[in-house]
Amino acid sequence: MYQQMIFVNLAVNDLDASKKFFTELGYSINPQFSDETAASVVISDTIVAMLLTREKYAGFTKKEIVDATKSSEVLLGLSAESREKVDELVEKAVAAGGSVTGETQDYGFMYGRAFDDLDGHTWEVIWMDPAAMQG
């Protein structure tokens, strides 16, 4: 069965630092789609973050590239398999140089936290109780 994929393209200031950041979170870099201007970060079988130098990113758009430390261009949401995995990923992000952003959201059936990566892109990590999702 076909599974649709998502490729999130993000402009980064320092490609090597960003690659190190995401590998410290436990993700791998696919060398087949990476070079000195881009890194393909494999988040799952269906999610890939393409980290692009600002120059490379500019080749795909005529719009101004925002400084994500000053303006929000996107909120990226990732699911987690447990509350503990939410905390684990956020703690790894902080240890790798990212920063916690926003407040912890705890609704019992749903738990979430967020971090900003090295370039200010906001990643929300969310766990939802599978029983609550079934209705």
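Helices, taken here as DSSP runs of H or I with at least four residues, are numbered from the N terminus. The legends below concern a predicted model.

**View 1. Glu88 and Lys85 within helix α3.** The side chains of Glu88 and Lys85 meet in a salt bridge, with an N to O distance of 3.6 Å. Because the two residues stand three residues apart in helix α3, about one helical turn separates Glu88 from Lys85. Glu88 counts as partly exposed at 33% relative accessibility, and Lys85 is likewise partly exposed, at 35%.

**View 2. Lys92 and Glu88 within helix α3.** Glu88 also takes part in a salt bridge with Lys92, in which the closest N and O atoms are 3.6 Å apart. Lys92 and Glu88 are four residues apart in helix α3, so that about one helical turn lies between them. The relative accessibility of Lys92 is 30%, which places this residue in the partly exposed class.

**View 3. Asp106 and Arg83, between strand β6 and helix α3.** A salt bridge joins the side chains of Asp106 and Arg83, at 2.6 Å from N to O. Since Asp106 belongs to strand β6 (residues 99–106) and Arg83 to helix α3 (residues 83–95), the pair ties together parts that are 23 residues apart in sequence. Asp106 is partly exposed at 44% relative accessibility, while Arg83, with a relative accessible area of 26%, is partly exposed as well.

**View 4. Salt bridges in the whole structure.** The structure holds five salt bridges, among them the one between Asp106 and Arg83 and the one between Lys92 and Glu88.

Definitions and conventions. Residues numbered from 1 in each chain as written. Predicted model: local features only at pLDDT ≥ 70, side-chain atom pairs only at ≥ 80, totals over all residues. Heavy atoms only, no water. Salt bridge = Lys/Arg side-chain N within 4 Å of Asp/Glu carboxyl O. Buried < 20%, exposed > 50% of the residue type's maximum accessible area, 1.4 Å probe, protein only.
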